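Open the model in your viewer and keep the selection tool at hand. The tour moves from the ligand out to the chain around it.

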Amino acid sequence: MQNIDTYTHVRGESIYLDDIPELAGTLYAAVLGSPMAHAQILKLDTSLAEKLDGVVKVITSKDIPGKNQIGGAIPDELLLAEDEVHFEGMPVAMVVATSAAIAKKAVKLIKFEGQLLEVITDPRVAAEKNQLILPPRTFSLGDVEKAFETCEYVIEGIAENNGQEHLYIETQGAYAIPLENKKFRVYSSTQGPTAVQTHMADVLGVPMHKLEIDVTRLGGGFGGKEDQATAWAIFCALGAYLTGKPVKYSLDRMEDIRMTGKRHPYSTDYKIGLSKDLKILAYAATFHQNAGAAADLSPAVLERTLFHATNSYYIPNVKVTAKSCRTNLLPNTAFRGFGGPQGMFVIECAIAKAAESLDIEAAEIQKRNLLNTGDEFPYGQKAVSEAHECWDAVAKEKLTVTRNRISDFNAQHSLYKKGLSMMPICFGISFTKIPLNQARALVHVYLDGSVHVSTGAIEMGQGVNTKIFQVAEKIFSIQPERITIGTTNTYRITNTSPSAASTTADLNGKATEMACMAIMNRLREFAAFSLDAKIEGVAIHHEKVWHNDKDTGITWEALIGKAYLARISLSEHAHYATPQIYFDGKIEKGHPFAYHVYGTALTEVTVDCIRGTYEIDAVEIVHDVGKSMNRIVDMGQMEGGVVQGIGWMTMEEIVYDKNGKLRSNALSTYKVPDIYSAPKLLNIEFRESDKENLAIFHSKAVGEPPLMYGIGAFFALRNAIKAFNPNSNIGFSAPMTPEKTLMGLYGNKS
Ligand code: LUZ
Ligand code: MOS
């Protein structure tokens, strides 16, 4: 089944925030971001801006009716600066005007003067100064110190990864409409309507029930709108509250890049110990997460780094510690993988370095240490593993052939070199914060037999509404034309978890399944009663009521009509909470994930050894899907994820200067993969399995896991560089840009 949005997408009829018709009298907002990364505010003069024709109001922290606070887990984030600014781009004041152009012009007329304070951009410096968001956390298994003593080989090093700009096609934005009695309806491009509603209630000083947040769909989120859509929605609501007029703010691309957080850069020390037969006996790492200037989701991201620190490997002795370090950069936030990719990158660096020092292929170490079913993760959960199956499927078909072809090629070419890498993945599915693993669905059947489904799921291009649609279609067994998926609305579905953690289809799909089942059970009971038949013999499918497999002549529509007259409820609100999961933070052990997703990618690259440029020739993947409920949607998620991961690992480079100024603040200075830099061949094989799992219709979550295949590109490039210059001094610092590649081709170890 194709994505249910296909028809309106290709016709340009799909509704995004900017497509919502505006009411007469709508005003437009723009925000002044701090020009300094860390400063005491000496002067904030808005008088010139206020005088500009068309400006209705200039708003500062003093105008906030409720609390000036939008922090999530930790209340450390102001909506508008008061005495100090902590990062460049931090909102300082907001203008509301009769046009967006006037609002932007007025922002430039606000005078900001500050006394510069010390700017910290490096997480290690922050850690030395004890600028931590929370105390460090450690996961451990076995006894690493003792285990290192017994290791034949012990290798240490440093790994660094950079951040990543989300670059959702639709920028952040919102549209707030004031209603009667201090009620507001707010359209927001958010992954988390409840986060918007909660913090908006605090800032406006009104209860949550006054706030209706409504979302039709997003033009992408990737985590960037899990927490960080909130501020923009509140700015609009605040403007609406203070002016009594509808207020809209749709950020332009540069505002968005300059004022919103990104993936977390990390700097990590690692140590890995192997036995003579290449078993990894011990692994230790200390992660320094660059959180930026506020906590945002950093503690949760940090936690997932620890959960995925051993990737797809069983290691009996592990000690991994992570520090969330406060710096004067944009507050970093959720991004597809949510700290998992950062953790997995480091263990792959450790394995690659060990392999290089032993003069073997990394794959020799990787394959000997893959998880088996029953192996324990450092956090206590036991694996139900597909790691070997996926690895073997790729290795058997492709590894030897590719390796041989590459060595022939490299022998014949002196100025082009190829490299390959294997990248196994293992990603845990569930919010690591256990209470978030719940969802609700509200299903209505109308008198004509048509169906409306509401859930807490946000459609952001990932196809979740298509999967929810399939659930309703399958349970009711009715024609697709009869079903509509509604907007995500806080008046229909309350207290939603953000659409995140790859869990959206599972959580909201299961709630939908439950609601539809409840209605169907009532209908079946009613049909049996009307037919004076035993319920066991009665079935409803293909728009008909059947008795002992014989058509009774009662159609779906007739059944619904009769059920209504008999006063049977045709609506249901269902609640789903993932069973079996728990986690004890005191001992850092538990069973936090409903299940894991596995897979392996083989990546092949060619480096131009004069220019340092490169091509990704091929990525061959075998991916564990459970039982895919929608191949097209799943394939789309996988292809997008792989390419986004490759971008993070190769060409996307976020650059701040020493003063905390973002230099890569536009698409002229920040490069994401386009069709030319995408892999020439991207081959994804679905590996289906009959094992039980907690996924919706056994179709495993597919949102985040494929991103981590992109890590393989980094190591394939590294191997190509080493093929040209075995003595290269290339480090473990991602992204592997063409500049770094060129330096690596010609820089030698001393
Ligand atoms: N968001 C979140 C996430 O709040 N908790 C998580 O565990 C998570 N994991 C992945 C992506 N977003
Ligand atoms: Mo996400 S990183 O699942 O919002």
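A polar contact here is a pair of N or O atoms within 3.5 Å. Keep in mind that this is a predicted model.

**Stop 1: the ligand**

Select ligand 1 and look for its contact with Thr 432. A polar backbone atom of Thr 432 sits 3.0 Å from an oxygen atom of ligand 1. Of the 290 Å² of accessible area that ligand 1 has on its own, the protein covers 96%.

An N or O atom in the Glu 226 side chain is 2.8 Å from an oxygen atom of ligand 1.

Which residues surround ligand 1? Select Glu 226, Arg 304, Phe 338, Phe 431, Thr 432, Leu 436, Ala 500, Ala 501 and Glu 704. Colour this shell by residue class: five are nonpolar, one is polar and three are charged.

**Stop 2: an aromatic pair**

The structure holds 17 aromatic pairs. Select Phe 345 and Phe 715 to see a tilted one, with 6.0 Å from centre to centre and 40° between the planes. Phe 345 belongs to helix 10 (residues 340-358) and Phe 715 to helix 17 (residues 711-724), so this pair ties together parts 370 residues apart in sequence.

**Stop 3: a salt bridge**

How many salt bridges does a search of the whole structure find? The count is 39. For one of them, select Glu 118 and Lys 129, whose side chains meet at 2.9 Å, N to O. Glu 118 is in the loop between strand 6 (111-116) and helix 4 (123-128). Lys 129 is in the loop between helix 4 and strand 7 (137-141). The two residues are 11 residues apart.

**Stop 4: backbone details**

Go to Ala 734 and Pro 735. The peptide bond between them is cis, with omega near 5°. Pro 735 lies in the loop between helix 17 and helix 18 (738-746).

Next, select Leu 167. Its phi is near 50°, a positive value in a residue other than glycine. Leu 167 is placed in the loop between strand 8 (153-161) and strand 9 (173-178).

**Stop 5: the surface**

Select Leu 415, Tyr 416, Ile 610, Leu 742 and Tyr 746, which make a nonpolar surface patch of about 460 Å².

Definitions and conventions:
Residues numbered from 1 in each chain as written. Chains lettered and ligands numbered in written order. Predicted model: local features only at pLDDT ≥ 70, side-chain atom pairs only at ≥ 80, totals over all residues. Heavy atoms only, no water. Patch = residues over 30% accessible without salt bridge, like charges linked within 9 Å, V, L, I, M, F, W, Y side chains within 5 Å. Areas by Shrake-Rupley, 256 points an atom, 1.4 Å probe, with all protein chains shown as cover. Salt bridge = Lys/Arg side-chain N within 4 Å of Asp/Glu carboxyl O. Near = heavy atom within 4 Å. Polar contact = N/O pair within 3.5 Å; in protein donor to acceptor, adjacent residues only side chain to side chain. Nonpolar A, V, L, I, M, F, W, Y, C, P; charged D, E, K, R; others polar. Phe/Tyr/Trp six-rings, centres within 6.5 Å; stacked < 30°, edge-to-face > 60°. Helix = DSSP H or I, 4+ residues; strand = E, 2+ residues; numbered from the N terminus.
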